[in-house]
Amino acid sequence: MSNPIQAVRGMNDILPADAALWEFFEATVADWLRAYGYTQIRTPIVESTDLFVRSIGEVTDIVEKEMYSFEDKLNGERLTLRPEGTASCVRAATQHNLLYNAPQRLWYQGAMFRHERPQKGRYRQFHQVGVESLGYAGPDMDAEHIIMTARLWKLLGLEDVALEINSLGSSEARSRYRSRLIQYFGQHADALDEDAKRRLHSNPLRILDSKNPAMQSIIAAAPKLMDDLDDESRAHFDALRQMLDAACVRYTVNPRLVRGLDYYNATVFEWVTTQLGAQGTVCAGGRYDGLIAQIGGKPAPACGYAMGVERLLALLQDKNFTPPALPPDAYVLHLGEQADHFAISAAEKLRDEGLSVVLHCGGGSFKAQMKKADASGARYAIIIGDDEVAAGEVSVKPLREAGEQHRMTPAAAAELLAR
Ligand code: ATP
Ligand code: MG
């Protein structure tokens, strides 16, 4: 026998034992997004490589080394498994003219792909839920995004995530700041690590995002963009802070918060926990007013954010959260050829009434079948033998509470269970 085939490194199976948690999370998220008036958008998993290079930026971790890119064998097109969702969302909205009549509140969910070193909370295939509001310029939308995520943490029972916010300013303020950073880090070139040296002229803001402990003191002393923010960005940021205060959402201003993607301007934010080691950011986003125009759309302001589903689920698991169990209503046992046929139609009748029903498959004695019924967690066993078939009835036995076994028609059983 050859070696059994394994999943690709860093790409996880979600096994039945964990699927209940995922389903709980996805259902919670769908209700929560509906409560804020967001509608879902689904885009392809593969996009042209150019989309991500142009939006995320050439000199970013993602584009430099994390993308799964390949050439289409037939036509030589350069394609990439999406590493994030914003670029696709903006591409689709532009391509289909979604902003023609009205701004859009959109959300998406799904698998993303990045070629990173796998570790807890960092995978090569991972999942995000993302929100994008296209065509909104004001700080009210930034505030809505932050306030709604605060509500989601409450719905999920997560208390230990903290909010950090910052403003990256206008593109002019950012480029002035860029020069100041190049000058500052240039003066401390000996203290820079390899990554930082490489980034010094291409993307100096990203040096602020370095996780290297040896770099932290020089980063702490670096000039802050906050100190000479343009007037418009400052007013936007102040208004956002007032709205957060009014909504009683607590935050800290982190002047080092720059985000790893190039398309952000003005507001950026992250929700961070100390519980997941270095992988502490569970949700991140901000404003990207230039992106729609950058990928060829009619200029429009926009902002959004994405959360890492695996990281949020890890937090829930660490708290020993158990999702509400959803056992079947009934498990149908049957013995004998006629009973086998009758059981199929009886089970269908129960399902007609909206009940969830597991029909025993694979034969075996009533005793063996009853063990399976018990293990299934079903509320009732529906038992069908020769006697029941002869009478056109089923026997109904409660499994989770005391009570006698009773004979009745399948229709009466459906009515009893549905009650
Ligand atoms: P990090 O600094 O942790 O690499 P990032 O800035 O690259 O994060 P974003 O591109 O902002 O992450 O993605 C938003 C969220 O998606 C992150 O905050 C995180 O929760 C999650 N995420 C990002 N990369 C991964 C990954 N490789 N595995 C699991 N979750 C991830
Ligand atoms: Mg990253």
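On a 1 Å grid over the protein atoms alone, a cavity is a set of points where a 1.4 Å probe fits but cannot get out, whereas a pocket is an open set with protein on both sides within 12 Å along at least five of seven lines, and lining residues have an atom within 4 Å of a point. Grid points are joined across faces, edges and corners, and a volume is the space filled by probe spheres set on the points. This is a predicted model, in which local features need pLDDT of at least 70 and side-chain atom pairs count only at pLDDT 80 or more, while totals for chains, interfaces and linings use all residues. Residues are numbered from 1 along each chain as its sequence is written, chains are lettered from A and ligands numbered from 1 in the order in which they are written, and side-chain values use heavy atoms, with hydrogens and water left out.

**Domains**

- The domain assignment of the protein chain, with bounds from an automatic or database assignment, gives domain 1 (16-169 + 229-318) and domain 2 (330-418).
- The centres of domain 1 and domain 2, taken over C-alpha atoms, are separated by 48 Å.

**Cavity**

- The structure holds one cavity of 30 Å³ or more, and the largest cavity contains about 50 Å³ of space.
- Its lining is formed by Arg174, Asn203, Leu205, Arg206, Val258, Arg259, Leu261 and Asp262.
- By class, this lining has three nonpolar, one polar and four charged residues, where Ala, Val, Leu, Ile, Met, Phe, Trp, Tyr, Cys and Pro count as nonpolar, Asp, Glu, Lys and Arg as charged, and the others, Gly among them, as polar.

**Second largest pocket**

- The second largest pocket has a volume of about 500 Å³, and among the 20 residues that line it, Ala150, Lys154, Val249, Arg250 and Trp271 lie nearest its centre.
- Two or more lining residues come from each of α5 (139-156) and β7 (162-167), with helices (H or I, at least four residues) and strands (E, at least two) being DSSP runs numbered from the N terminus.
- Helix α5 gives the most to this lining, with five residues, and the lining as a whole has 13 nonpolar, two polar and five charged residues.

**Met148, in helix α5**

- Met148 lies in helix α5 and is buried, with a relative accessible area of 0%; buried means under 20%, exposed over 50% and partly exposed in between (1.4 Å probe, protein chains only).
- Leaving out residues up to four places away in sequence, Met148 touches Trp32, Leu33, Tyr36, Tyr38, Val131 and Tyr305, contact meaning heavy atoms within 4.5 Å.
- Although Met148 and Ala35 are 113 residues apart along the chain, their C-alpha atoms are separated by 9.5 Å.

**Arg178, in helix α6**

- Arg178 belongs to helix α6 (residues 171-187) and, at 31% relative accessibility, counts as partly exposed.
- Beyond its neighbours within four places in sequence, Arg178 is in contact with His201, Ser202, Asn203, Pro204 and Leu205, and the side chain of Arg178 reaches the backbone oxygen of His201 at 2.7 Å.
- The C-alpha atoms of Arg178 and Val309, which are 131 residues apart along the chain, are separated by 33 Å.

**Gln279, in a loop**

- Gln279 is placed in the loop between β9 (265-272) and β10 (281-287), and Gln279 is buried, with a relative accessible area of 6%.
- The side chain of Gln279 makes polar contacts with the side chains of Gln119 (3.4 Å) and Arg122 (3.1 Å); a polar contact is a pair of N or O atoms within 3.5 Å, where within protein one must be able to donate a hydrogen and the other to accept it, and residues adjacent in sequence count only if both atoms are side-chain atoms.
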